[in-house]
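Subject: Structure handover

Hello,

Please find the structure below, with notes on what was found in it.

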Amino acid sequence: MATVRDVTYDILRQNGLTTIFGNPGSNELPFLDRMPADFRYILGLQEAVVAGMADGYSLVTGEPVFVNLHSAAGTGNAMGAIANAWYSHSPLVISAGQQARSLVGPEAMLSNVDATQLPRPLVKVSLEPSLATDVPRAISQAIHTATAAPRGPVYVSIPWDDWAEDAGESSAFLASRVVVTAGAPSAQQLADIVSRVEASANPVLILGADVDAAGAGALAVQLAERQRMPVWVAPSASRCPFPTRHPCFRGVLPSSIAGLSGRLAGHDLILVIGAPVFRYHQFQPGRYLPSGAELIQITSDAGEAARAPMGDALIADVGFALQALVSSVSVSSREMPLARALPAPAAVSASASADGALSLEALFDVVNEVAPEDAIYVREATTTNEAFWDRIEMKHPGSYLFPAAGGLGFGMPATVGAQLASAHRRVIGIIGDGSANYGITALWTAAQYRIPAIFLIVKNGTYGGLRSFAKQLGADDIPGMDLPGLDFCALASGYGVRSSVADSAAALRESLAAALAADTPTLIEIPIRSTPAS
Ligand code: TZD
Ligand code: CA
């Protein structure tokens with residue numbers, strides 16, 4: 001007899017989900033007992049970190065990943081990370097252990113009452129099979145739902161007494177199923193877009209995270225070059241879809257309605273690929289589009305297309321659509337956009353500055369100089385946005401990750417998960433002294449599994465991003481903005497991670513080079529001079 005547990009492991013294996021990120025509880029033990037030898041279990045010490053590590057891992061591999069949480073409490077702890085996974089279209093297959101079936105009604109301890117309701121609306125599907133023999137089919141459904149366009153997290157709650165049950169003969173069909181997504185534009189749909197782009201006097205290309213997720217950055221470069229289009233990254237960028245030193249590259253668009261349309265003034269055609277229209281953040285109302293501009297959006301997410309307040313949309317696979325556009329558009333006779341001027345190198349003294357701290361500009365100059373050109377950056381420190389995008393060169397696919405829902409707690413775990421997934425690239429987390437605390441226990445997983453992630457803790461002693469927001473809102477007396485008394489080297493050592501303080505360009509250069517040479521994780525605490533824009 002094949003049990004529900006045997007068949008489930010086989011389904012996970014056949015679909016390539018052999019890494020399990022989890023934090024166990026009594027409801028999960030019957031599933032985890034005698035885990036097959038070809039699976040590995042990565043323990044996170046808190047579920048926000050479990051789901052965040054899984055997200056970082058999946059964002060690098062581009063594959064679905066299995067997450068095992070403990071009942072309602074574990075799911076609750078993971079919700080912030082699930083919000084980020086939802087907006088980054090990460091196919092997290094999240095399972096949660098449930099009490100024994102007969103104990104859920106009477107609400108025994110650790111029952112997940114109304115389990116399927118708990119993670120909504122941030123999962124594509126939420127299931128609790130109505131009988132044990134349906135568990136394998138539900139897991140299979142969850143995997144294929146997570147990976148179908150638009151991709152995203154899914155949730156399955158499984159009563160622990162189901163695992164030992166007979167899976168029944170009909171479960172034998174599940175493991176070998178192959179479900180794939182197509183979705184290319186028709187010839188007519190393609191011709192319409194091509195003719196609008198070619199007829200435009202001054203088109204602009206805006207790229208979103210899904211272009212990078214589709215591995216289609218090189219196609220975006222060809223499209224921009226053929227049509228001589230300047231290229232912006234869509235606001236609230238969670239990945240980097242275009243090489244940052246390419247002459248067509250312009251930067252990341254502002255996140256307010258007025259700011260964004262102001263920046264696009266003069267363009268008559270705005271082509272947006274692989275992004276919602278738009279992920280605004282700052283509230284600054286205005287006209288959605290500059291006058292005289294039309295907008296065309298290409299997205300694989302029907303929800304993104306439908307909810308946009310302006311423009312036309314084509315729902316199609318982003319990679320196929322870009323390929324089709326590149327093969328169809330002519331080479332334009334417009335002028336090639338001129339490259340932006342690079343920022344002047346930041347002034348640094350050989351030793352620590354007068355106040356014993358670096359500027360953000362000097363920090364990123366050093367990182368850009370010392371880090372390998374194919375480094376993967378995970379960034380979660382609000383005030384570093386401008387200096388980072390100005391000064392860090394990124395030219396390889398998958399070079400950048402940022403929390404897609406803006407939920408802090410992504411940076412530390414995603415740095416660990418991304419490094420675990422990257423045998424040949426180094427992952428450098430640039431994490432604020434505020435943000436680091438939402439996922440600090442990720443340090444333990446990095447240390448115990450010898451994952452050589454590098455954590456640069458940007459220490460300005462405050463929630464700097466909130467300070468500049470408060471200023472914009474005219475709020476000048478907010479409690480709880482400062483973060484005195486944090487010692488990240490002491491925290492690192494408590495979790496088993498080597499660390500140092502770098503308070504000058506020379507010290508940072510040296511400690512980052514040593515971290516890159518090591519095969520275990522390193523944390524570098526970097527005191528930063530004042531808070532820009534506050
Ligand atoms: N809690 C969560 C889970 N997500 C959030 N985005 C916030 C709170 C609010 N928040 C921001 O949006 S930015 C920020 C907070 C608290 C400050 C982050 O501070 P930091 O970085 O030290 O990490 P900076 O560079 O000092 O802003
Ligand atoms: Ca800070």
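Contact here means heavy atoms within 4.5 Å; helices (H or I, at least four residues) and strands (E, at least two) are DSSP runs, numbered from the N terminus. This is a predicted model, in which local features need pLDDT of at least 70 and side-chain atom pairs count only at pLDDT 80 or more, while totals for chains, interfaces and linings use all residues. Residues are numbered from 1 along each chain as its sequence is written, chains are lettered from A and ligands numbered from 1 in the order in which they are written, and side-chain values use heavy atoms, with hydrogens and water left out.

Helix packing

In helix 9, Leu219, Ala220, Gln222, Leu223 and Arg226 meet Gly319, Leu322, Gln323, Leu325 and Val326 of helix 12. By class, that contact of helix 9 with helix 12 has six nonpolar, three polar and one charged residues. The classes are as follows: Ala, Val, Leu, Ile, Met, Phe, Trp, Tyr, Cys and Pro are nonpolar, Asp, Glu, Lys and Arg are charged, and the others, Gly among them, are polar. Helix 9 (residues 217-226) packs on helix 12 (residues 318-328) at an angle of about 35 degrees, with the axes 9 Å apart. Axes are lines fitted to C-alpha atoms, for helices over the stretch in contact, and angles run from 0 to 180 degrees between N-to-C directions.

For helix 13 (residues 360-370) and helix 19 (residues 505-517), the packing angle is about 35 degrees and the axes are 10 Å apart. Helix 13 passes helix 19 in a right-handed crossing. Helix 13 contributes Leu363, Val366, Val367, Glu369 and Val370 to the contact, and helix 19 contributes Ala505, Leu508, Arg509, Leu512, Ala513 and Leu516. By class, this contact of helix 13 with helix 19 has nine nonpolar, no polar and two charged residues.

Ligand 1

There are 17 residues around ligand 1 (a heavy atom within 4 Å), and Thr383, Gly434, Ser435, Gly464 and Gly465 come nearest. By class, the shell has five nonpolar, 11 polar and one charged residues. Helix 17 (residues 464-472) gives the most to the shell, with three residues.

Polar contacts are pairs of N or O atoms within 3.5 Å. A polar side-chain atom of Thr383 is 2.5 Å from an oxygen atom of ligand 1. A backbone N or O atom of Gly406 lies 2.8 Å from a nitrogen atom of the ligand, and a polar backbone atom of Thr462 is 3.1 Å from a ligand oxygen atom. Taken alone, ligand 1 exposes 600 Å², of which the protein buries 78% (Shrake-Rupley method, 1.4 Å probe).

Backbone

A cis peptide bond, with omega about 10 degrees, joins Arg120 and Pro121.

Regards

Key: Polar contact = N/O pair within 3.5 Å; in protein donor to acceptor, adjacent residues only side chain to side chain. Left-handed = near helix turned anticlockwise from the far one by under 90°.
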